[in-house]
Amino acid sequence: MNWDDPATTSDDTAAERLVGASADGEDQAVEAALRPKSLGEFVGQERVREQLDLVLRAARARGATADHVLLSGAPGLGKTTLSMIIAAEMGAPIRITSGPAIQHAGDLAAILSSLQEGEVLFLDEIHRMSRPAEEMLYMAMEDFRVDVVVGKGPGATAIPLELPPFTLVGATTRAGLLPPPLRDRFGFTAHMEFYAPAELERVVHRSASLLDVEIDTEGAAEIAGRSRGTPRIANRLLRRVRDYAQVKADGVITRSIAGAALGVYEVDDRGLDRLDRAVLRALLKLFNGGPVGLSTLAVAVGEERETVEEVAEPFLVREGLLARTPRGRVATPAAWAHLGLVPPQAGGAGAGQQGLFGA
Ligand SMILES: Nc1ncnc2c1ncn2[C@@H]1O[C@H](COP(=O)(O)OP(=O)(O)OP(=O)(O)O)[C@@H](O)[C@H]1O
Ligand SMILES: [Mg+2]
């Protein structure tokens, strides 16, 4: 597909973008090797780390099972990693499942009743659990008990079942979607923030050394700066830059190698990819910076509304390049600057034309 040409249409889903935050097949294969195994190894998130350290230390000192923990944050920020660290720090086994995998309360009852004392139950995408399972979980979390319903209709009876104490670690990208009774049953909620460039630099250095790749300080900074505040993206960009360094150079990653490699993959110095830039370019060039409706903008870049709204816009908004207003999408001054264009009002009549054939 050609995102540079606003007229090109495509049914591509942009799912395999290099700067996408969710895990692709290759990520899943290598992530296990790159996952920090202890709180000490976990880079950044100082506040969350400190709070969690206290929770876990106190529980250990009491010889008790740790309180239930809710991890909320965008994809790729380290929720699964932290859940494994919690188990490791408690010296406890971990059972991993997810909201969508638990469709019936019975599925959950089976898991809960087979837990060992002190075990960590990691429930990923907890906001996507079915309603009956959710209600069963309330009681399990609070009273370490479930009611198993036997039989159907008027003859059905609930048999109470005692559970061993366990630690539920729930993860969600959408904490706002959790019903308050569920949210309230967690003893501790960790809000994971996007990482600062310096933190991502440390992630890149750490991963490079695990992958046995040589990288200098500036090379790591270059990758970190394009990683959208997300360790998963930093690790993925590192792998692509490593390939480039191996094929085109001596394998050592420097600033110029990283820049050239990510240029090949069209990830710019701010971490925008072709889709992001196509949306911005259409907004600036075709609609003079807006406001323009989402549907019109989507047609202009030849994408589905949802792709523009859910794939491109969140990062553009976060970067302060695009604003969603009641009248439509509007480019900010930073957007004009990023694409090297001059906003119309700044230069008088016709100024928006400048750079029309350039950028
Ligand atoms: N603080 C960190 N330090 C070092 N590496 C990290 C850190 N956080 C995440 N990573 C790396 O980023 C990758 C993605 O992390 P993880 O799978 O834990 O994200 P997630 O929040 O569970 O994402 P999703 O919402 O998609 O499930 C892992 O390979 C891990 O190695
Ligand atoms: Mg995860």
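This is a predicted model: local features need pLDDT of at least 70, side-chain atom pairs count only at pLDDT 80 or more; totals for chains, interfaces and linings use all residues.
Local features are taken where pLDDT is at least 70 and side-chain atom pairs at pLDDT 80 or more, while totals for chains, interfaces and linings use all residues. Residues are numbered from 1 along each chain as its sequence is written, and chains are lettered from A and ligands numbered from 1 in the order in which they are written.

Let's start with helix 11, residues 274-286. Helices here are DSSP runs of H or I with at least four residues, strands are runs of E with at least two, and both are numbered from the N terminus. With 13 residues at 1.5 Å a residue, helix 11 should span 18 Å, and its end C-alpha atoms sit 17 Å apart, which agrees. (The expected span is 1.5 Å times one less than the number of residues.)

Now look at what is around helix 11. A residue is called buried if 20 or more other C-beta atoms lie within 10 Å of its own, exposed if 12 or fewer, and partly exposed in between, with C-beta atoms placed from the backbone. Because 11 of its 13 residues are buried, helix 11 is largely enclosed by the rest of the structure. Among those buried residues are Arg274, Asp276, Arg277 and Arg281, along with Leu275, Leu280 and Val279. The cover over them includes helix 12 (294-301), helix 13 (305-318) and helix 14 (333-338), as well as strand 8 (322-325) and strand 9 (328-331). Just past the end of helix 11, Asn288 has a positive phi of about 55°.

Next, a helix pair. Two packed helices are described by the angle between their axes and the distance between the axes. For helix 8 (residues 217-225) and helix 10 (residues 255-264), the axes come within 7 Å and cross at roughly 30°. That crossing makes helix 8 roughly parallel to helix 10. (Axes are lines fitted to C-alpha atoms over the stretch in contact, with angles from 0 to 180 degrees between N-to-C directions; under 35 degrees counts as roughly parallel, over 145 as roughly antiparallel, 65 to 115 as roughly perpendicular and the rest as oblique.) On the helix 8 side, Glu218, Gly219, Glu222 and Ile223 meet Arg255, Ile257, Ala258 and Gly259 of helix 10; contact means C-beta atoms, placed from the backbone, within 7 Å.

On to the annotations. In an unreviewed entry, UniProt gives "binding site" for Arg305, Arg324 and Arg329; such annotations may be inferred rather than shown by experiment. These residues span 25 residues in sequence, yet no two of their C-alpha atoms are more than 13.9 Å apart, so they gather at one spot. Arg305 lies in helix 13 and, with 14 C-beta neighbours inside 10 Å, counts as partly exposed. Setting aside residues up to four places away in sequence, Arg305 touches Leu294, Ser295 and Ala298. Arg329, in strand 9, has 26 such neighbours and counts as buried. Beyond four places in sequence, the contacts of Arg329 include Leu283, Leu294, Leu297 and Arg324.

UniProt also lists Thr80 under "binding site", again in an unreviewed entry. Thr80 is in helix 3 (residues 79-90) and is partly exposed, with 18 C-beta neighbours inside 10 Å. Leaving aside neighbours within four places in sequence, Thr80 is in contact with Asp124 and Ala171.

Technical notes: Two residues are in contact if their C-beta atoms, placed from the backbone, lie within 7 Å.
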